[in-house]
Amino acid sequence: MKTIAEFVKIGSYLVIGLISLGFLLLLFQMGEFNLNNLVPIESLENLEYLGSWIVLFSLGLLVLISTLRLPIAGVIFLKDGDLKFHIFSMLSFLLILASGLIRLSM
Amino acid sequence: MVTLLLIFLTSVFAGFVGAMMGVGGGIILVPVLVSQLDVPLRLAVGASMVAVVATSNAASANYIMGGFTNLRLGILLAMVTIVGAIIGVLIGKIAGDRLVTGIFSIVLLFSAWGMYRKTKDQVISPGSGGKLETTLMLSGQFTNPNNGLIVRYGVKNIVVGMALMLIAGIASGLLGIGGGIIQVPIMDTIMSIPIKGAVGTSNFMMGLTSAAGSLAFFVMGEIHPLVAGPVTIGVFFGSLLGSKVMPYVKDSKIRHIFVFMLVILALEMAIKTFR
């Protein structure tokens, strides 16, 4: 279990560092922090600043780290000979992927 | 720059409260972002979804190390909440917003009443929760830093708890929330898990349920770097602090704050229903 905690901790710190760097770069590129007329990003071509790319990529990594806790737990359970929870962990991981795909297809 | 500072401080506070209560913090974040900072609702909810993941990541490391997360129970229940979230998304396509918010406002009020009546943890001993608890080895233990005592607990009403977790998952899928606000009361009142164990386990679970949800927000372009960036950084540090403080807070205080949050959210949903 310590492995999961360490993985999440180190991974998240690195990602938060990346987000901070990206956000600072974004502020530097924009020259000001302005929330006026904010709209959803219709196309990735609208992301004109490198800082935006770094922030979005890092946020994606953060979500990935959270999800990867399941297969890591699954491997640990398998090593401990706990087949039931290995299957539960992997099944939950697959369900997350399925849930993501369902939402995307709607 | 004042706006940026306000977003950051609100996020730190939301992360702090979220990690202490086993919820995502969206209850605090979304209203402030929308009403005070004029952030469009869709972008505020998108930022809130990533914030739930950040809260879960930041706090779960501390909670797993401290033994507050019951990993086996968390994985078992997460399976159900993820299925619930999928159902929730599908229901959302059919049911009207008013019906959904109306039902959840009632569910939240019942949860609040259940938690309010329960003045302290009613822990059952490991192994006394039934055959399923023993077979799946779901009992847990942690050291309560308040008194240095080791709390060993069993888990009862597992099947009922799992069925109710489906509702938490459906709420998550329907409303774009982490689901912790429903998960914690179920674990606390129905499954007899100590409140600190419930908070730690819920924290682990909600990151998983929200991960799939946030993917859709990414694709729809509703996670904006200018909003989600500072929110995630703030929430992360707030959660780190919250997860360090939670073990030292009295159980009754956690329960009282939780009841307060449930009532506020129930009222907010009731207003949305009748407006």
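At 62% relative accessibility, Asp38(B) counts as exposed (over 50% relative accessible area; under 20% is buried and in between is partly exposed, using a 1.4 Å probe and protein chains only). You'll find Asp38(B) in the loop between helix H2 (26–36) and H3 of chain B; helices here are DSSP runs of H or I with at least four residues, strands are E runs of at least two, and both are numbered from the N terminus. Phi of Asp38(B) is positive, near 60 degrees. Most residues other than glycine have a negative phi.

Asn157(B) isn't a glycine either, and has a positive phi of about 50 degrees. Asn157(B) sits in the loop between strand E2 (149–153) and helix H7 (158–175) of chain B, and is partly exposed at 36% relative accessible area.

## How the model was made and read

This is a predicted model, where local features need pLDDT of at least 70 and side-chain atom pairs count only at pLDDT 80 or more, while totals for chains, interfaces and linings use all residues. Residues are numbered from 1 along each chain as its sequence is written, chains are lettered from A and ligands numbered from 1 in the order written, and side-chain values use heavy atoms, leaving out hydrogens and water.

The predictor gives the complex an ipTM of 0.90 and a pTM of 0.89. Chain B has a mean pLDDT of 86, with 99% of its residues at 70 or more; pLDDT is the predictor's confidence in each residue, from 0 to 100. Among the elements of chain B, H10(B) has the highest mean pLDDT (93) and helix H5 (residues 97–117) the lowest (79).

## Where the chains meet

Chain B puts 62 residues in contact with 53 residues of chain A (heavy atoms within 4.5 Å). About 5000 Å² is buried between the two chains, with carbon and sulfur atoms giving 81%; that's the accessible area (1.4 Å probe) lost when the two parts are put together, summed over both.

The rule finds 1 salt bridge across this interface, meaning a side-chain nitrogen of Lys or Arg within 4 Å of a carboxyl oxygen of Asp or Glu. Asp82(A) pairs with Arg72(B) in a salt bridge, their closest N and O atoms being 2.5 Å apart. On the side of chain B that touches chain A, H4(B) gives the most, with 12 residues.

## Leu26(A)

Leu26(A) lies in helix H1 (residues 2–30) of chain A and is buried, at 1% relative accessible area. Leaving aside residues up to four places away in sequence, Leu26(A) touches Tyr49(A), Gly51(A), Ser52(A), Pro225(B) and Leu226(B).
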